[in-house]
Structure formats: structure tokens, C-alpha cells
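These are my notebook entries on one structure. I record what I looked up, entry by entry.

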Amino acid sequence: MKPLDPRLLRHARSARRYIVTTALTGTATALLVVAQAVLISRAVAPVITGAAPPASAATGLVGALALVLVCRVLVLHVQETQAHRAATGTVVELRRQVLEHAGALGPRWQALHGPSTATLLTRGLEDLQPYFTRYLPQLLLAATVTPMTALVMLVQDVPSTIAVAVTVPLIPVFMVLIGRLTQKHSEERLAAMDRLGGQVLDLLAGLPTLKALGREQGPGRRVAELGGAYNRTTMQTLKVAFLSGAVLEFITTLSVAIIAVEVGFRLLYGRMDLATGLLVIMIAPEVYQPLRQVGFHFHASANGVAAAQAVFEVLGTAPPERGRQGAPDLREAVIELDGLWVQARGAWAPAALSATIAPGRLVALTGPSGAGKTTTALVLLSLLAADRGAVHVVTPDGTRTDLADIDPASWWAQVSWVPQRPVIVPGTIADNVVGPERAASWGQDPPPALVEAARATGLDEVVAALPLGWRTPVGQAGAGLSVGQRQRLALTRALVDSTALIVLDEPTAHLDAVSEAHVLAGVEALRAAGRTVVVVAHRRALISRADDVVVVSSSPLEDAEEAGR
């Protein structure tokens, strides 16, 4: 475990700026500490010995001391301010990079690491806050203040410097011993937090089903157990932190006491002048202070570095290779599934799937649950790569292009995706259908194309029944709308968009007869507009309207090996 991981500086620009700023403020702090000790010793020693300096000289020393104190306060203010800004900026940068990289890794990786990544992005990265605001400044001060004050002590008094040289190495030794234990507890704490976060996410996702079955109380015990495990590991980390602080406090106090005693004896026997003795005694604690604070805040380093390590593991995972060719015009191209095999959930689903999707047709993917219908849709969306076989795009002139060779951005520009739970963000209905910018440019009345699309999908009835019409706000995930109304909104959004290929995942699932009729009308409106529609379907009412029906099936893993031979 590295207290300052170079990868953190490579991935976070805020961290790089902060290191430079803290190095400068650390150097300024060291100079001010030495200046303060010198001024105090030069002002106090003559008063004690009876050789008080003239009033003008004393006034100058006091004024200079006041200036030094003000400068120390300003430097500390800059350091604290920059620490909080750097911590916030670094967390934001790393969070954005992890989100973008997790999206690039695709749904297969997200299915395995989604809960732990969500926990890392929310609570885990917050451990970098104390790392930046407490530990890292002290680490840099130990690299600047300690050597500079030790150098001043060497110039002023060699015996005291020898005492420092003998006792200072004890602090890193104990830090290493304590750090090994702290690292263990920090890793256990992060693992417990991952388990708790994953359990809570799974519980929230399945809460409606559990509520319907009357089993919503059962998972509460498991969450309570994980919460207790997290609390125990956190308390163990805090115990180690407090004990380490006590041990390091004892070592530094004893070391300063040794220096004070030997300086006192030499003052008593007249082997050292009072000004030098005061200077050495005031500087000695400053030599140990940064090292002591480094050890005291070491648990912040352990938690922060553990979180950063988890971030780097995500960022270090190589995303699947993407194509670079531009996508052909899907309004004219034919999509061919050639012997498609995808490994999912311990089986091949789909297995040996071959089909042709002609432009402008409604194609229904059917088959039993777990056969790989949604997986086939993800492959068509270029979100998931085929393990065997391929998806080819054939243009009217006969050119065949493998989907794996096509730039996903150019492909997605021509594709719309309507999942079972459409993505609806907080805002108005108009914002979710056409986007905030286009909705803001309407004025009072929506454009005719939107009105026609809403009439085709039945969304116009929903809008007419709402008090604010198109300007009615909806909450996260469509809160305020029923399941059927959300599907109508998503279909209207796809109909208004100009994409050539529409992929729908069971749009009529969990709908009553009235809502299903509106959704079916919306699907037919998409086909009537000349769009290619691929729909995952279970219900016969939707399958009967399809131009082509593709049956998707799965098979055990060993079947693919035999097919390959």
C-alpha cells in the first residue's frame, strides 16, 4: 500500500495541483516555524538573563513575531481550503471516470460488479475526503518541516540533533507495524461495505415483488447482520487508529522530554546559552509533530488508499475492443444474425441463433424465459459482444460489415432502446420526451409532430388528464406515472426520434388490457413510420402483429463445444 499512489496523480488533475500547493505551503510553514522559534528565543532570553534589549529592539521583535503568526494563520487557511477543494475535485473526477469506464465495460461486467461499483461510487470514494484533508497534508509537512527544523537544530546544537536522529526512526517503525494491522481492518471494512451496499441495492430492486408476496420483512434481518458487521469492522479500525495515536504520542513526548532534559543539564552547568537552549526546546516538538500527525491520521490513509485501489482496479480493467467503421444507413440495410452464441448464466443463451431483420419490418423475438431474448437485444444494441457467430449489416449493394467492426457511437446514433423500465429522469413530461432544450423552445403549444406521435401511442390522453399537461413534473424513474403511462412516454420518445432501428424489451409486460392496447398502437405506429422494430415479446397479442417471428433458444455449455467440433 502506497501512502501517495502515483496513479492518483495520473487520474486526478485536482490531486496534482494540490500536491504542488501543499509542497509550497509546507515549505512556507517550515520557514515560519523556524522564524517563530528564533524570534521568541531572542526576545525571551535577554529578559530572563537580565540583559533586556532596548525598547525599540524589543518592539521590533514583537512586531516581527506578530507578523509571523499572522502568516502562519494565512498559510494554514490556504492549506485547509485547498485540501477540501482538492478532495472534492478528486472525488468528482474519479467518480466520473469510473462511471464512464463502467459504461464502456458493458453490461456483462456490470452484471458481475455493478453493486460493488455503486457502493464504491457513493460511500467508498468519500473515504478520500479525510485522506486529502488530514493525512496527505501531514505527509507533505513531514517531508518539508521535519528536515528543515532538524537542519536548524543541527546548526544550533549537535548533541540535541543526535538525540533526534536516534529517536525519530522509532516513529516510522511503529507506523509500519500499526499500518499492517490498519490495512487489514480497512480492507475488511470496505468488503463489509460492499456486501451491505449490494444487499441493499438488491433489496430495493426486488422490494415491489417482496411486498406483493408479503416477504418484505425477511431481508431486513440480513441487512441488519451486514450492518452489524460493517459497524464492527469500523470500530476495529477506529480502535487501531486511537491506539496508534496513543503509542506515537508517547514516543514523541518521551523523545522531546529527553532533549529537554539534556538541554536543561547543559544550561545548568553553563555549557549552552539560554537563547540557543530555548530555540532547541521550541524546535524539537516541531521536528516530531508532522511525523506524529502522519501516524495519527494513518487510518485515513488506509481507508482512502483502499478506496482509491478499488477505483484503479475498475479503471485498469480493459474494455472490450470497439470497431472504428462508420455504421451504414439502417433505413436500407439488412441485419443478419449468423450462428449467434452468447454465454450467459452458465449456459448458451441464445444458442446458434440465425435470423434476418429486414428494414421497415416488425420482428418479434420469442422463446421461453432464459432463452436469451434480452441478451440478443443487447447484442443488436452493440452493448454486448457475441462469443461465437456474428451480426452482419448488409447494404443494398451487397457490402457486409461485421457489427463488431462498427463504431458504437455511429451505430447508437441510429438506434433507440425501450427497456421494460424506461429511463425517466426528474423533470417534466416534455423534458423526457424531447429533451429540456427542445421543450423550452416550444412556447405554449407543442409541435404538430409531437402531438401526432402522442396520439398514436395514447400519451395524449395521459397529458390531457394531468393538471399541467406537458409541463407536469415527474420524479425519479417516472414517479407519478403508472407503468403503462411510462411505456407510452417511452414509445412516444422513440416515435419522435429519427432513429431507424427501434429495440423494445417486452413493452406490454405487466400491463392491463387498456394500457396494452395503447402500447400495441404505438408499436404499429413505429412500423407505419418505416422504422425497423425488434421487440422481445411473450404475449400473443404482440407476436401476432409481427411481420417476422424469431424463436430464440438456449443450450448447455457443452453443446457449443460439440458444435464447434
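I take contact to mean heavy atoms within 4.5 Å. The model is a predicted one, in which local features need pLDDT of at least 70, side-chain atom pairs count only at pLDDT 80 or more, and totals for chains, interfaces and linings use all residues. Residues are numbered from 1 along each chain as its sequence is written, and side-chain values use heavy atoms, with hydrogens and water left out.

Entry: Gln97. I located Gln97 in helix α3, residues 55–105; helices (H or I, at least four residues) and strands (E, at least two) are DSSP runs, numbered from the N terminus. I call a residue buried under 20% relative accessible area, exposed over 50% and partly exposed in between (1.4 Å probe, protein chains only). Gln97, at 17%, is buried. Setting aside neighbours within four places in sequence, I found Gln97 in contact with His11 and Leu315.

Entry: helices α5 and α6. I looked up how α5 (residues 128–156) and α6 (residues 158–167) pack: the angle is about 140° and the axes are 6 Å apart. Axes are lines fitted to C-alpha atoms, for helices over the stretch in contact, and angles run from 0 to 180 degrees between N-to-C directions. On the α5 side I noted Ala150, Met153, Leu154 and Gln156, which meet Val158, Ser160, Thr161 and Val164 of α6.

Entry: Val155. I placed Val155 in helix α5 and found this residue exposed, with a relative accessible area of 62%.

Entry: salt bridges. In general, side chains of opposite charge can pair when their charged atoms come close. My criterion is a side-chain nitrogen of Lys or Arg within 4 Å of a carboxyl oxygen of Asp or Glu.

I examined Asp157 with Arg266, whose closest N and O atoms are 2.4 Å apart. This pair links distant parts of the chain, 109 residues apart: Asp157 is in the loop between α5 and α6, Arg266 in helix α8 (residues 218–268). Both Asp157 and Arg266 are buried.

I next examined Glu336 and Arg400, whose side chains form a salt bridge at 2.7 Å, N to O. Glu336 is in strand β1 (residues 334–341) and Arg400 in strand β7 (residues 400–402), 64 residues apart. Arg400 is partly exposed, at 44% relative accessibility.

Last, I recorded Glu516 with Arg539, at 3.5 Å between the closest N and O atoms. Glu516 is buried at 13%, whereas Arg539 is partly exposed at 30%.
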